Amino acid sequence: MALQAIAFYLMATVTILAGLAVVFARNPVHSVLFLITAFFSAAGLFVLMGAEFIAMLLIVVYVGAVAVLFLFVVMMLDVDFSQLREGFARYLPIGLLVAGVLTIEMVIIAINVALHGAASKNATPQASLPDVSNAETIGRVLYTDYVYIFQAAGLVLLVAMIGAIVLTLRHKAGIKRQSIPAQNARTPKTGMTIVDIKPGEGISE
Amino acid sequence: MTHANLSLVGPEIILAGSALILLVVGAFRGKGGVVFNGLSVLALLAAAVAAVVGPQGRGFAGGVIVDDLSTFAKVAIYLASAVSLVLADRWLARRGDSKFELPVLVILAALGMGVMVSAGDLISLYIGVELHSLALYVLAAFRRDDAKSSEAGLKYFVLGALSSGLLLYGASLIYGFAGSTQFDVIAGAVNDGAGQGILFGLVFLICGLAFKVSAAPFHMWTPDVYEGAPTPMVGFFAAAPKLAAMVLLARVLQEGFGGAVAQWQQVVLAIALLSVFVGAFAGLAQKNLKRLWAYSSIANIGYALVGLAAGGEAGVQAMLMFMVLYMVDVTGFFACLTALQRDGRSMETIDDMAGLFKEKPGLALAMTAFSLSALGLPPLSGFFAKFYVFKAAIDAGLAWAAILALVGSVVAAFYYLRLIKVMWFDAAPGAVEAPAFSARTIAIGAALFSFPVGLVALVWLDPVSRAAAAAFG
């Protein structure tokens, strides 16, 4: 138990510090690297809670795909970050005001929950069965109870794909494309001409 | 079990299937065309029929609720989507921007809205919202070579992503404090007053949905998006998605948080009255008609929210009646804008409309009818829409809110009347081109609905909407 507590506090601290560093780092590449750190320690927290499947997903999907994609975007796009920060001082007061109000509200809620508990009558989430793995538990409901939502989520991705194609794909007229049938249909007769060149004249074509 | 579940989502299956088939057909043909658009319209009509004749009930572990309310909303949404496709066909073809993806995206948006109105769970709520809004972002930017259209799409996308974040944050708080994502279980957790944590989440959820219906203070995107997006698509944005989000809001509030009416009523009322006044006063300074009707739609969402804030069956019925009658007005108005063109340029400003009555008396009369109806002048249908809302508010003891909303609509009268004055009495600067037949027919049809067909339809709409509102029981 003591080991778990130590692991929890260690990873929770790292998550929060890395999260802060994401926002405050001057170099955007550093921000992305701190983001990866935050994902890793959050994955550790999930493992502590017994949700090993989500922990692995976090590492595979967020670290492996999303964060690397961010890194590509940050490195490949020539974004002038000093220009982006230009309006920072101007909008700081209103930003601080909104953030302050939200923080105060969250603290009030947190204190309230700590004193009175979340809610008396709520349904508590069930823990997964000890002899069934996470993946199997998710699999049991994903394609039965939640198949409707699962398919709809697939359609959301389809819309994103159609959108990306509609907005960016351009068919250029003069572009040269490979046509395999045309290549296979070539014979010496169609692909080649024999020209009889007289000495000293060259080819005019 | 599975069969019963699947039969509940018949309209969704029809729409998803036809969207996929049309997408493949379009990808192989490489272009759309009138027949392609006609097939898409047929798919939407088939889904509307399937929604009416299909069975009712709950399925997929509470993720889907099919009742009178969802059927009512689905039919209205599918019909409005079909009308917008008919309008878009000629308009885009004239500008050489006709693409086969447009009907596919409209069908997928309609599918998302259908998921929204029959959501019984926070997850299906979110998926529905995302499915329809992603399609709408693309539709807003559809004329990608037009700078304003691209700006509209980008603004809509960035602010929409922000609002989705708010919505998800709220949903996760509600899940954490209520222990479930299903509306009926949440209702059990709040049946005698919600705790602070749940309320905190609910406020975020309301903010996220208020963005989708463009209620103040989450309305900033509306004028820019309406100005830049293709005109027939603006008519679509202003009608169907608003109804879907309003029905969703009604379901969340009445079904999930029915026990905490006193707590959310003030939030909804504040948003409603703010929308009425922002829409009325900011509209005064507008010169572009699309921006003007964006502010008008903000104000009108305010009235619908007043009806919702009244709570109970009467409040929901008032909201439904208001939204459906308003949808006809706004679709008709944008059909007029779609039809009108002078010297190869769309007529979009108030000054462009000068002398329209001498040029095109039919369309000018139709636009007059829509403006007066949106203003709420009897005997046009808009009057009855407002009548329902104010009656529900007064019966619920919110007479002061009804009076404030009435003041807002008097202020808004100025811009509707100015448009009418310009159309009827100012001199025309040049000849208007012949309008497309489809847009003209839809405009005149919608105008006839505003008066006098709407009055007859009210006799039929009233019991139907009452039955739909009674679904909350």
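I use buried for a residue under 20% relative accessible area, exposed for over 50%, and partly exposed for anything in between (1.4 Å probe, protein chains only). By this rule K155(B), at 31% relative accessibility, is partly exposed.

**Entry 1. Basis**

I worked on a predicted model, in which local features need pLDDT of at least 70 and side-chain atom pairs count only at pLDDT 80 or more, while totals for chains, interfaces and linings use all residues. Residues are numbered from 1 along each chain as its sequence is written, chains are lettered from A and ligands numbered from 1 in the order in which they are written, and side-chain values use heavy atoms, with hydrogens and water left out.

**Entry 2. Interface of chain A and chain B**

I looked up the contact (heavy atoms within 4.5 Å) and found 33 residues from chain A and 42 residues from chain B. The size of an interface is often given as the accessible area lost when the parts come together. I therefore took the buried area, the accessible area (1.4 Å probe) that two parts lose on being put together, summed over both. Chain A and chain B bury about 3100 Å² between them, and 74% of this is on carbon and sulfur atoms.

I then searched for salt bridges, defined as a side-chain nitrogen of Lys or Arg within 4 Å of a carboxyl oxygen of Asp or Glu. Between chain A and chain B the count is one. This salt bridge pairs R170(A) with D145(B), with the closest N and O atoms 3.2 Å apart.

I next asked which elements give two or more residues to the side of chain A that touches chain B: they are helix 5 (88-116) and helix 7 (147-168) of chain A. Helices (H or I, at least four residues) and strands (E, at least two) are DSSP runs, numbered from the N terminus. Helix 7 of chain A gives the most to this side, with 16 residues. The residues on the side of chain A that touches chain B comprise 24 nonpolar, five polar and four charged. Here Ala, Val, Leu, Ile, Met, Phe, Trp, Tyr, Cys and Pro count as nonpolar, Asp, Glu, Lys and Arg as charged, and the others, Gly among them, as polar.

**Entry 3. Salt bridges in the whole structure**

D67(B) is paired with R251(B), the closest N and O atoms being 3.1 Å apart. D67(B) lies in the loop between strand 2 (64-66) and helix 4 (68-94) of chain B and R251(B) in helix 11 (residues 231-256) of chain B, so the pair ties together parts 184 residues apart in sequence. Both D67(B) and R251(B) are buried.

K155(B) and D224(B) form another salt bridge, with the closest N and O atoms 2.8 Å apart. This pair links distant parts of the chain, from helix 7 (residues 147-178) of chain B to helix 10 (residues 221-228) of chain B, 69 residues apart.

I also recorded R345(B) and D352(B), whose side chains meet in a salt bridge (3.7 Å, N to O). D352(B) is buried, at 12% relative accessibility. Salt bridges that share partners join K148(B), E151(B), K155(B), D224(B), E227(B) and R291(B) into one network.

**Entry 4. Aromatic pairs**

I counted 23 aromatic pairs over all chains. Rings of Phe, Tyr and Trp (its six-membered ring) pair if their centres lie within 6.5 Å; planes under 30 degrees apart count as stacked, over 60 as edge-to-face and the rest as tilted. Y303(B) and F390(B) are edge-to-face, because their ring centres are 6.2 Å apart and their planes stand at 90°. Y303(B) is in helix 13 (residues 289-310) of chain B and F390(B) in helix 17 (residues 381-395) of chain B, 87 residues apart. Y303(B) is buried at 2% relative accessibility, and F390(B) is buried at 12%.

I found a cluster in which ring pairs link Y137(B), Y156(B), F157(B), F211(B), W221(B) and F237(B).

**Entry 5. Backbone**

Most residues other than glycine have a negative phi, and most peptide bonds are trans. I noted a cis peptide bond between A216(B) and P217(B), with omega about 0°. P217(B) is in the loop between helix 9 (196-212) and helix 10 of chain B. S214(B) is found in the loop between helix 9 and helix 10 of chain B. Phi of S214(B) is positive, near 55°, and S214(B) is buried at 0% relative accessibility.
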